[in-house]
Amino acid sequence: MTDPVGDQYQGYPYPARDPADEAKRLVRGSPSRWVEIQHYVFAGRRDPAAPFRALVAGGGTGDGAIMLAQELAERSGPGEVIHLDPSAAAAAVAVARAEARGLRNLRFHQGSLLELGGLGAFDYIDCCGVLHHLADPAAGLSALAAALAPGGGIGLMVYGALGRTGVYPAQAALRLLAGPGVPAPARLETARAFLADLPPTNWLRRNPHLHDHLQGGDAGLFDLLLHARDRAYTVPAVQDLLAQAGLRARAFIEPVRYDPLTYLADPALRARAAALSASDQASLAELIAGNLRKHIVYAVRAETDSGPARPAGPGTVLVLRDGDGPALGRGLAGGGRLKVDLDGIGLRVAVDAAGARLLTLLDGRRSLGDVRQLLAGDALGEAFAFQAACDRLYAALGPLNLLLVARAG
Ligand SMILES: C[S@@+](CC[C@H](N)C(=O)[O-])C[C@H]1O[C@@H](n2cnc3c(N)ncnc32)[C@H](O)[C@@H]1O
């Protein structure tokens, strides 16, 4: 019997990518930014130049594998990324992208993540947008967990139930209008006509958080509304999936979205929310926000007991995930507020004068020891003031997934 999911990704490799675009830009996103792996999986303590092996399970047309291989190629130390996917058509796009970039640290393996035997152990496994398409996602995640090297971790993305409001009724409607027995091009045509006719009351039409059916071409439309197998998860369902595989969440991305205090102003509500367990807080945040269309989570083995990353120690580097620290620091000179948009929820995050000053010195390479030396003779260079300023800056930007901790290389 042929697998309908396999047929789909052979016919419509996802996401649609043109290898020629590699000359113009690198597609970056979570999970699997190198700095995020260092921070969330290894708590900022791993030697960044140590040998590193990663698996991108269900790598598709290559976004995660290309990004990670490119970022690893730019550091010192040996590293290897294996792209695994059953779809030869998807892998062909990823191969062409790797060739366009001249990447030599990326290998390709055609197959299923359910059969990893022979590929060895991995320090890190990316599985982005794959588990929710498997017949048995828990078995898939257990297979991945079994391939982790000691101390390793996984970066996952699965669909979020609330943020996909409207998707599943639309999928059901399209199965009635043009089900899986109808040839794919005719199903796409039906889906386009259906979208054009949706009344303003339809939940898919009213959901502003979904774009694939409008901007993702045939592959995006097929993936969102005509998928052969697809389910979505609430936060407790993600926790459950992880627990079944012997894993636990280190962080949901961006952490600020999973904190109910981000959304609640009323003091009594804040006090009640703050008294909940960490997993209930994340669950409450999802229920309040309503806009989490996917859950990105970094997970480690349940028994891994290294504490969280800390913005402390002379050999630690504070890395601004995106953008230019010095430019941001200059923009916030004297203290200011950073505007952040969480898909329709606006935040203004305060950065004080000392934090802005620190930012001007964070170039992604300087260790905290170096930064403090540059501040010698300055009140901020005093040990206590320096650490307190680092802690406050990290408390402001860490939850946004903007300021991350790595070890100096
Ligand atoms: C939605 S795409 C995601 C691609 C990529 N991870 C990304 O985020 O751009 C899902 C991919 O999972 C692959 N896939 C489906 N079943 C799989 C399995 N059992 N093992 C590995 N990959 C699988 C599909 O072929 C497809 O390329």
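This report covers the ligand site, the cysteines and some backbone features of a predicted model.

Residues are numbered from 1 along each chain as its sequence is written, and side-chain values use heavy atoms, with hydrogens and water left out. Local features need pLDDT of at least 70, side-chain atom pairs count only at pLDDT 80 or more, and totals for chains, interfaces and linings use all residues.

**Ligand site**

The ligand is surrounded by 15 residues, each with a heavy atom within 4 Å of it. G58, D85, S112, L113 and C128 are the closest. By class, the shell holds eight nonpolar, six polar and one charged residues. Here Ala, Val, Leu, Ile, Met, Phe, Trp, Tyr, Cys and Pro count as nonpolar, Asp, Glu, Lys and Arg as charged, and the others, Gly among them, as polar.

| Residue | Protein atom | Ligand atom | Distance |
|---|---|---|---|
| D85 | side-chain N or O | oxygen | 2.6 Å |
| S112 | polar side-chain atom | nitrogen | 3.0 Å |
| L113 | polar backbone atom | nitrogen | 2.9 Å |

Taken alone, the ligand exposes 590 Å², and the protein buries 92% of that. Accessible areas come from the Shrake-Rupley method with a 1.4 Å probe; for residues, only the protein chains shown count as cover.

**Cysteines**

How many disulfides are there? The count is zero, with a disulfide defined as a pair of cysteine sulfur atoms within 2.5 Å. The sulfur of C127 is 8.1 Å from the closest cysteine sulfur, in C128, and therefore too far for a bond. C127 is buried at 0% relative accessibility, whereas C128 is partly exposed at 31%. Buried means under 20% relative accessible area, exposed over 50%, and partly exposed in between (1.4 Å probe, protein chains only).

**Backbone features**

Most residues other than glycine have a negative phi, and most peptide bonds are trans. A cis bond joins Y14 and P15, with omega about -15°. P15 sits in the loop between helix 1 (4-11) and helix 2 (34-41). The bond from I253 to E254 is also cis, with omega near -5°. E254 belongs to the loop between strand 6 (247-253) and helix 12 (267-274). Helices (H or I, at least four residues) and strands (E, at least two) are DSSP runs, numbered from the N terminus.

A43 has a positive phi, near 55°. A43 lies between helix 2 and strand 1 (52-57), in a loop, and is buried at 3%. N401 has a positive phi near 65°. Its loop runs between helix 17 (383-397) and strand 11 (403-407). N401 is buried, with a relative accessible area of 2%.

How values were computed: A polar contact is a pair of N or O atoms within 3.5 Å; within protein, one must be able to donate a hydrogen and the other to accept it, and residues adjacent in sequence count only if both atoms are side-chain atoms.
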